[in-house]
Structures are given as C-alpha cells and as structure tokens.
Amino acid sequence: MQQTPTSSTGDRPIPVDVEHELATLQALLDGTPTEAEYLLPVLQQVQRQFGYVSPAAIRFVAEAFNRSRAEVYGVVSFYHDLREQPVGDIVVQLCMAEACQAVGCRELARHAESSLGATLGSTTPDGRVQLEAVYCLGNCALGPSVRVGDAVYGSVTGERLTTLVSDAVRAARDDARDDARPVADVLQATLAKVGHPRVRVFVPNDTAARSVGADAVASAIEALGLDIDVVRNGSRGAYWLEPLVEIETAIGDVESRVGFANITAEQVVALFADGQMPSAAHPLSVGLVHEIPWLRDQHRLTFRRAGVIDPLSLSDYRLHGGMAGLEQALTMTAQAIVDEVKTSGLRGRGGAAFPAGIKWQTVLNAESTTKYIVCNADEGDSGTFADRLLMEADPFQLVEGMVIAGLAVGATRGFLYLRSEYPHTIHVMTRALQIARDAGLLGPSVMGSPHAFEIALRVGGGSYICGEETALLESLEGKRGVVRAKPPLPALAGLFGQPTVVNNVLSLAAVPGIVAHGGAHYAGFGINRSTGTMPFQLGGNVLRGGVVEVPFGITLDDLVTRFGGGTSSTRPIKAIQVGGPLGAYLPASQWTTPLCYEQFAAIGAMLGHGGVVVFDDTADMGEQAEFAMAFCAHESCGKCTPCRIGSTRAVEVIGRIRRGEAKRKNWELLDELCETMELGSLCALGGLAPMPVRSVMKHFAGEL
C-alpha cells in the first residue's frame, strides 16, 4: 500500500494513505454535481474531511470537474481558507482588524505568540495548535475576538486565551468534542405548551451573545427545571448588555419583557431564587427592554424583529408582520414591484450605494430566459456586523426579500454567498432555508403561486475581495475571486453570463417592508438622496457597542456620544473610522457632519456598510495608515498593477516615513502612489485603500 509522508505540522510526520484518500474522495463525490458552481463547495468538503487539499485531491477533483490541475490548484491557492498542507489539530484565529486593534488585539497577539511559542501563521512546536490572523469575525462591539474551531469568543484577555487554548487541546486529546451538533442545536428550545401558557425566558442565540457566555446561561436556566420555555431569540444588537436575559411578564406581549443584563451562568441560580421569576425591581434588571433609551431612541425598520422573535419560527415571523411584503408582491406586476423600490430611493447598503431600483429595472428589461438574484453576505469590513445580526435574528426577512427580488425581475434562482468566518450564521441560514422550503416559501410554487424560486447557500473561502460583486460572481462560478472588468455590468451579464441582481443583505432585507408599506413610506425617512434608515454599527473602543438603526442625517458625534457613550477606556476619542478598512479616519472637526452619502463624500469620506470604529487617544495613527495599505496588499486579487504593486510599495514608503527617512521625498512619493491607486485600480479595493492613508496624512500628519 502506497504511503506518502508529510511533515509540515511541527515535527510530527503524517502518513497519508493515498489509496484510502482516493477511495474517500470517490465516496465524497459520488452523486455530487460537477458543474462549475460546485467546485468550491467540493474543495471545502475535501478540506473538512482531510484538513487540507492534497495534490492527489487536486488531481482527483480536476478530473471529476473536467478542469486542468492548474485551474483547480489556482482556486485552492487563492482562498485563505483552503490549505495545501496539514496544520495543527486546533486552529486559533485572532481577529486583527481595526475594531479589535482599537481594544488591544495587537497586545493579545503578542501574548499568544509568546505563550504558545508560535508566530501568527505558524503551528506550535508540538504540532497541536495553528495560530492565525483573521480580518474580522463580525464581533466588533466585543473585541478583542478570537475563534477557536467554530466557537467565537469576545472580550478575550491574555489569561482567557491561554485557558481557551488549553481547554481545546485537552478536549481534542480526550476526544470530548462533539463536532456533529453545535451547542446551539442542543440548547435550541422548541418546547410545546401543554395545558396552559408558560412563562417564556429569552436568551440570545446570536454569535456575539454566545461569545460572552449566552449558551452557558441558557443551559443553567434549563437546568433549574422550572415550568418555563427557554427561547433562543436573536440579539437586539445591544451588545454592551449581553448576555441579555428577557423574561416575559405577560404571555405574548413583547412590551412586557423585563431585561437582566450581562448575566453569567454563575448568577442564574440567584436570579431565579426560590424558583421565582425575577421582577423589574431585581438589582440586575434594566427594566422594560423596549424602554431602554438606547433602543427606544432608534427607529427600527429593518431590525424591528431582531431580538423579539424566535429566528427559526415561521409562525413567530408571521405574527410580527413577516410575509406581508411577499403576499403583497404576489398580487403585483413585476414592474409595479420595481417601481416601489425606485420610489423608496433604496440604495445599496453594501458600500457602493447604487440605487437598487435602477439595478432591478435593468435586470427586468434584460432579455433572457435565465436570471439570478445574488445576495452578497460576504460582510468583511472591520466594524460591520449588521448582516450577521440580521441573518441570525431574522433570517426569513432576508429569504422574503430575495423571493420578492426574484418576482420583480423574473429570476427563479438565487444564491446566498455567506462568509466562512460566520460559522453560526451558516448554521442558522441553512436551517432557515430548509424550513422555508418545507413551508412552500421556496420551491416550484412560492406560497401556492405560479412563481418558482429557490435559494442555494454558498460559503466563501476567506477572501475579502469576494465582497466585490464581480469577484463574488467569479467565486460562485468555481474560479479564483478575481475582479472582472466592467462593462459588461452584472445586471446584463452577471452570473454565468446572465442578467443578475447583486445586492447585499441589508438592501434585500429592506425590500419586504418597502413593498408592504409602500416606497413613499420608506422614502419619508432620511435626508436628501439618502433615504430610509441605516443600521450603523458601533465597534472598537466604545462603551455601548451594537447596531443602531436610525434615519440618515444623524451626526457622528451624536451617534458615538449619545448611543455609544464615548470610549470604553473612558479616555478621549482621537479618531473615528467610518466605512470599514477603506474608510477615512475622521478627526473631531468632522464629527458634526451628517451621516449621509452626499455629505460624507464632500469631506473625502464614505459611509460604506455603516461600520463605525472608535479609537481613543492612545491610538497610533501612523500605524493605522500602514495597516490600511498592508491590508490591501494582503487581500488584493492581484489582477491590476496599481492595487497589487501599489499597495506593497506604499507599505514600504509609509515604513520609511515612520522611520524618518527622507521624509519629504517619501511623503511626495506616497501621495503619488495614492493617486495612482485611486485612478488606476480596477475595483474599489485599490481605489479606496488610499482613503484612510490620505485622512491620516491630512488630519494626523504628525503621527505619520
């Protein structure tokens, strides 16, 4: 029997039984479609089975898909998640994005490297643990964040990290982990009411809430054996209160829920002392949840159900207004639906802010028997997590929005492209889609109508550039996520060359409300051409982080001070980055600018996906400028020279400036590099990467 030794995980040789590997690969591929769209999912399945994608696997998959080995290897080598060699048994990922930088992830990384004896990107000497950097886990309000396996942890200290790694190593050694069912599955309550209504206790099943102990709290409450129903709702996005336990004091009355904030598993017994429900007078109570000023002062349209309903209950969704938009859409013509979206003024919430109605009209008018709806859920910007919250708290709203989009443009198939860094979101959306199919919301006859629509879930490969719509389409087609030149626009020649609507989660999730209540109602919020509401996400060094949905027009100062409460460190704010890693660092003089597309563009900034990352006065802005270009270099698809080479050279130049070398000459060179990237890059990654650098050059020049 042929044996091929591999020894890339520390000093442990790993024998590979090639014959067994090929037999396993054959079993994996039996019955699996081999069309291009399934290539990346198959490679991901191979990696889950073996831990990496070997040369033998590449040859086997290439033959099965009728691709060259070079093509398949190109895909494997492009995506950060796909590995060409084995790594440690346990993968520990430290979030090194800006929101976590603002609260000490660099110090945490140094602690990890020192305590584990491995640098980021390498395996510990014993071959057990792989230590990696990751750029955003979507837990930006509770950083620093760490992912161990498929579990995300928030507010991690060095001591806590050491414990997490030790526990994971011990669990792996003892074979104690049950990888088949996530903890959330075991805890998800679907208890039937018997004989009489029972008190419902809500414990969030959201990634951020779970990262600070919500699962343990739910387990502790269930262990009490009380006559209650524990409901794993989604979070309300008030992450500074998590885990937030809510107790319903009047059955079915949302406004009767009393909240108890920052509950730990150890506090549960005392909270339910003598088996009694705690009241609003309890010391840990925050009172009626809907009256908390942080929530009361918002104007929630897209997130009105977040934290209120059981995310995987269609009946709960309907009870709180769900399906009204789709029911209305089924009575309308395709053009009438598009007209309502145009009337609403809805613009893409993913960052580009292109009018959704115009895009839909283009696809509707396109002559083709095949059209697609693609939801871009590759939410990779640091400081953004609203997509994740929406999908985990109200997944059927996104499903409903995608179905309506299909009705509007004549598409019968949709794709949900979801980032791999969100393991729990993947789990929730997978279940939600199956529930929707079983209920007739998806399939050959949507809600008994003549219209067909189906949604396929695809998981990304850990590439930031796949958040760009054309790179995403390339990825869906089983290719490297390389940006396409435009024209043609995806609306005319998108997925597999067919007319395609590409919108992000928040854009599509806004559609059911627009159709149900009318485009004019939605357009009544906001200012200028920035209509509707925006779910701003407060992260980084902020006291009250979370999702704040308000109409466009609020100032940054009001948002960060009134809702955010200032810094968590209590130190003065130095800078606020808006719009993700490509967004500008804004000084205090610009915090009174209304948050809307036009006015932010006027000051050389952008709203992007609505991420707001706060830095206190200890932040090194020169370091942040250097990171911006280093991030671009790391994530560039490599297709165009200005982005690929320009970002690398810019990192070098910024390094020389920071060391004081020929400062004036290098400053001029950096300015020229920024201009070249802005004007010559093929997509927004290279074109916008200079924005944070220029903002530091303009407003924090002394630190560069």
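## Aromatic pairs

Rings of Phe, Tyr and Trp (its six-membered ring) pair if their centres lie within 6.5 Å; planes under 30 degrees apart count as stacked, over 60 as edge-to-face and the rest as tilted. Tyr 135, Tyr 464, Phe 627 and Phe 631 form one aromatic cluster on this basis. The structure is a predicted model, in which local features need pLDDT of at least 70, side-chain atom pairs count only at pLDDT 80 or more, and totals for chains, interfaces and linings use all residues. Residues are numbered from 1 along each chain as its sequence is written, and side-chain values use heavy atoms, with hydrogens and water left out.

The ring rule gives 12 aromatic pairs. One of them is Tyr 135 with Phe 627, a tilted pair at 6.0 Å centre to centre and 40° between the planes. This pair links distant parts of the chain, 492 residues apart. Tyr 135 is in the loop between strand 5 (129–134) and strand 6 (146–148), and Phe 627 is in helix 26 (residues 621–635). Helices (H or I, at least four residues) and strands (E, at least two) are DSSP runs, numbered from the N terminus.

Tyr 135 has 22% relative accessibility, so Tyr 135 counts as partly exposed. Phe 627 has 12%, so Phe 627 is buried.

## Charges over rings

A charge sits over a ring if NZ of Lys or CZ of Arg is within 6 Å of the ring centre and within 35 degrees of the ring normal. Arg 257 lies over the face of Phe 202, 3.6 Å from the ring centre. The charged end of Arg 419 sits over the ring of Tyr 422, at 4.9 Å from its centre.

Two strands pair if DSSP finds at least two bridges between them. Five strands form an open sheet in the order 4-5-3-6-7, with mixed pairing. Strand 4 (122–123) and strand 7 (151–153) are the edge strands, and each pairs on one side only. Strand 6 and strand 7 run antiparallel and are joined by three bridges. Arg 147 has Val 152 of strand 7 as its bridge partner.

Helix 7 (residues 158–173) lies across strand 3 (90–95), strand 5, strand 6 and strand 7. Helix 7 runs at about 160° to strand 3. Axes are lines fitted to C-alpha atoms, for helices over the stretch in contact, and angles run from 0 to 180 degrees between N-to-C directions. Contact means heavy atoms within 4.5 Å.

## Packing of helix 4

Which residues of helix 4 (residues 69–78) are buried? They are Val 72, Gly 74, Val 75, Val 76 and Phe 78. These buried residues pack against helix 2 (39–50) and helix 3 (55–64).

## Backbone details

Gly 143 and Pro 144 are joined by a cis peptide bond, with omega about -5°. Pro 144 is in the loop between strand 5 and strand 6. Another cis peptide bond joins Pro 487 and Pro 488, with omega about 5°. Pro 488 lies in the loop between helix 20 (469–476) and helix 21 (490–493).

Asp 274 is not a glycine, yet has a positive phi of about 60°. Its place is in the loop between helix 11 (268–271) and strand 12 (285–288). Asp 274 is exposed, at 76% relative accessible area. Asn 528 is not a glycine either, and has a positive phi of about 50°. Asn 528 lies in the loop between strand 17 (526–527) and strand 18 (530–531). Asn 528 is exposed, at 55%.

Note on methods:
Buried < 20%, exposed > 50% of the residue type's maximum accessible area, 1.4 Å probe, protein only.
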